[in-house]
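This report considers a single protein chain, from its overall fold to selected side-chain pairs. The sequence and structure follow.

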Amino acid sequence: MGSTGAVTAERAGERHGVADASGLAVLAACAAWALITSALGGGRPDGVLLAILAVAAGYAGGRITGALLPVAAPCVGALAGVCLAAAAPHVTPGPASSSPLGPIGATAALLSLSAGAICCAAWAARGPALRLCLRLAAIGVVGCAAALGSTAGFLACAGIVLCSLAASLTRRTLGLAGFALAAVLVAGASWAIAEDVLPRGLTASLEGQLGPHRVRLWRDAGDLVGAHPAFGVGPGRFGDASPSVMEGLLQDGKPHSALLQQAAEQGFTGVALLTAAFAWLLFALWRSPRSTAVVLTAGAALTSVAAVATLGNALSVTSVTAGAGLLAGIATARPLQDGGEADGH
C-alpha cells in the first residue's frame, strides 16, 4: 500500500511538472513576443508584461496558499474580489458612458472569480454545515452583482454557481472541453462582428447590446489586423492607429476586447499565444490533483472571465489577471491534508 501511494504521488508530481513547464513556456513566449513586436512597431509592452507577471505571481501564490489553506485561501480571495468589484467602477480609467463594458467588465470578472473561489472552497470544506454556508455565500456574490448593477456579473456568477452544483455529475474532460468550446464561440462571434460577416439582422441586434462605439472600435481593430497581420501595430498602440479613438470616442485608447486588441497590436501570433495561455489554464486544471468538482468550478469561473475579457476591457485591470492566476493556482494545488473533497469523476 505504501509503495502504491508513493507511485501515485510521484505520477501526480510528474503531471504537475508538465503543466507548470507548459505554463512557463507559454508565458515566456508571450513576454518575448510582446518585446519583439514592441521593438518592431515602437509600442509600449509594459501593460502586457505587467499582466503576464500578475498571472504568474497569482498562480504561484495560489499553489502555495491552496496547498496550505484549501478552504480559507479561496474565501479570503473571494472577499477581496468582492471588495475590489465594488470599487472597480470608480478606479477603472475611461468614461463609463462611452464604454459600457469597460468598468462593468472588470466588475463582472472580479465577481466571477469571487463566485468561483467561494464554490471551490465549498467543495473543499469537510463539514456539511460549512459547505452549506459557503454555498449561501456564493449566492450572496450573485446578489452583490445584482446590487452593483452588473448584468454581465450577475449572469456569470449565477452560471458559475449552477455549474459548480452540477460539477459532481460531470466528467472532467467533458466539462473542460465544453468550457473551451464556449470560449471559442464567444471569440468567434466577436471576430465575426469585427469583420462584419454576420447577417444584417443579427449584427444590428448584437450592436444594440454592445453599443455602436464598441462595434466601431472592433472594426477598427479588424482593419488593423488586415493591414498588419504579422506583427500588429505594436503593444499599446491601438489608440494611435484607430480612427475612432482619434476622433475622441474613447479616452483609454483600447478596443475593449482582449482578443481584438491582441490581434491589432501583436498580429496573429499574438492571438495564438493568447489562445495558448487560456489553453494552458484548462490543461493545468485537467492535470490537477484536486477533485473534479473543484476543477470544473474553477474552469467555469475562468471561462466566464475569458468571455468577459473578449467583450470588454477586463484584462487591463491587474487585479483581474492576478485573481485569475490565483484561482487557477488554488484549483491545481494539492492540499497538504487530502480527503475532504467530494470527487466527481
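## Burial and overall fold

A residue is called buried when its relative accessible area is under 20%, exposed when the value is over 50%, and partly exposed in between. The model examined here is predicted. Of the 345 residues of the protein chain, 49% count as buried under this scheme. The accessible surface of the chain amounts to about 14800 Å², and carbon and sulfur atoms account for 70% of that surface.

The secondary structure of the protein chain consists of 14 helices and 0 strands. Among contacts between residues at least 6 apart in sequence, 80% join residues at least 24 apart.

## Cysteines

How many disulfides does a search of the whole structure find? The search returns 0 disulfides. For cysteine 83, the closest cysteine sulfur is that of cysteine 144, at 9.2 Å, and this is too far for a bond; the cut-off for a disulfide is a pair of cysteine sulfur atoms within 2.5 Å.

Cysteine 157 is likewise in no disulfide. The cysteine sulfur nearest to that of cysteine 157 belongs to cysteine 144 and is 8.8 Å away. Cysteine 157 is buried, because its relative accessible area is 0%.

## Nonpolar cores

In soluble globular proteins, nonpolar side chains tend to be buried together. In this model, the largest nonpolar core contains 55 residues. The members that touch the most other members of this core are Leu111, Leu176, Leu285, Leu302, Val320 and Leu327. With neighbours within four places in sequence left aside, leucine 285 is in contact with Arg172, Leu176, Val295, Ala298, Gly299, Leu302, Ala331 and Thr332.

Valine 295, one of the contacts of leucine 285, belongs to helix α13, which covers residues 292–311. The relative accessible area of valine 295 is 0%, so this residue is buried. Beyond its neighbours within four places in sequence, valine 295 is in contact with Arg172, Leu176, Leu285, Ser288, Arg290 and Ala331. The C-alpha atoms of valine 295 and alanine 284 are 9.5 Å apart in space, while the two residues are 11 residues apart in sequence.

## A nonpolar surface patch

Which residues make the nonpolar surface patch of about 440 Å²? The patch is made by Ile64, Leu68, Leu69 and Leu336. Leucine 68 is found in helix α2, which spans residues 46–68. With a relative accessible area of 53%, leucine 68 is exposed, since the threshold for that class is over 50%.

## Salt bridges

Side chains of opposite charge can pair when their charged atoms come close. The count for this structure is 5 salt bridges. In one of these, the side chains of aspartate 240 and arginine 44 meet with an N to O distance of 3.6 Å. Aspartate 240 lies in helix α10 (residues 238–241) and arginine 44 in the loop between α1 (2–41) and α2, so the pair ties together parts that are 196 residues apart in sequence. Aspartate 240 is partly exposed at 43% relative accessibility, and arginine 44 is partly exposed with a relative accessible area of 43%. Aspartate 240 also forms a salt bridge with arginine 237, where the closest N and O atoms are 3.9 Å apart. Arginine 237 has a relative accessible area of 23% and is partly exposed. Through shared partners, salt bridges join Arg44, Arg237 and Asp240 into one network.

A further salt bridge brings together the side chains of arginine 219 and aspartate 196, at 3.3 Å from N to O. This pair links distant parts of the chain, 23 residues apart: arginine 219 is in helix α9 (residues 212–227), and aspartate 196 is in the loop between α7 (172–195) and α8 (200–210). Arginine 219 counts as partly exposed at 22% relative accessibility, and aspartate 196 counts as partly exposed at 33%.

Methods. Residues are numbered from 1 along each chain as its sequence is written. Side-chain values use heavy atoms; hydrogens and water are left out. Buried means under 20% relative accessible area, exposed over 50%, partly exposed in between (1.4 Å probe, protein chains only). A nonpolar core is a set of buried Ala, Val, Leu, Ile, Met, Phe, Trp, Tyr and Cys residues joined through side-chain atoms within 4.5 Å. Contact means heavy atoms within 4.5 Å. Patches are made of residues with over 30% relative accessible area and no salt bridge: like charges are joined within 9 Å, nonpolar side chains (Val, Leu, Ile, Met, Phe, Trp, Tyr) within 5 Å. Accessible areas come from the Shrake-Rupley method with a 1.4 Å probe; for residues, only the protein chains shown count as cover. A salt bridge is a side-chain nitrogen of Lys or Arg within 4 Å of a carboxyl oxygen of Asp or Glu. Helices (H or I, at least four residues) and strands (E, at least two) are DSSP runs, numbered from the N terminus.
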